[in-house]
Amino acid sequence: MNNICQMRKENGISQIQLASLLGTSQQTISRIEKAVPEKIPVSFLIKIAEIFKVSIGKIIGENVT
């Protein structure tokens, strides 16, 4: 499970709800959750970071000190 999926589940948000917040489809969210972070469009990373109030580094799994 990638960080986006984990954060979504921790916040009680379904793929459909996240898709609505991002203006995309549930299928796109499913693909994003299965993708390696480097393949996720930056525009989505920025929006997801805003939704979950985290850094992009946290989403892509960077160890920020």
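Is the crossing of helices H2 and H4 left-handed or right-handed? In this predicted model, local features require a pLDDT of at least 70 and side-chain atom pairs a pLDDT of 80 or more, whereas totals for chains, interfaces and linings use all residues. Residues are numbered from 1 along each chain as its sequence is written, and side-chain values use heavy atoms, without hydrogens and water.

The crossing of H2 and H4 is right-handed, a term for a near helix turned clockwise from the far one by less than a right angle. Helices are DSSP runs (H or I, at least four residues) numbered from the N terminus. Helix H2 spans residues 15–22 and packs against H4 at an angle of about 110°, with the axes 10 Å apart. H2 is therefore roughly perpendicular to H4, the class for angles of 65 to 115 degrees. Axes are lines fitted to C-alpha atoms over the stretch in contact, and angles run from 0 to 180 degrees between N-to-C directions.

Helix H4 (residues 42–52) also contains Ile46, which is partly exposed because its relative accessibility is 37%; the partly exposed range lies between buried (under 20%) and exposed (over 50%), with a 1.4 Å probe and protein chains only.

One salt bridge is found in the whole structure, defined as a side-chain nitrogen of Lys or Arg within 4 Å of a carboxyl oxygen of Asp or Glu. Glu33 pairs with Arg8, their closest N and O atoms being 2.5 Å apart. The pair joins distant parts of the chain, 25 residues apart, with Glu33 in helix H3 (residues 26–34) and Arg8 in helix H1 (residues 3–10). Glu33 counts as buried at 11% relative accessibility, and Arg8 counts as buried at 8%.

Definitions and conventions:
Helix = DSSP H or I, 4+ residues; strand = E, 2+ residues; numbered from the N terminus. Parallel < 35°, antiparallel > 145°, perpendicular 65-115°, else oblique.
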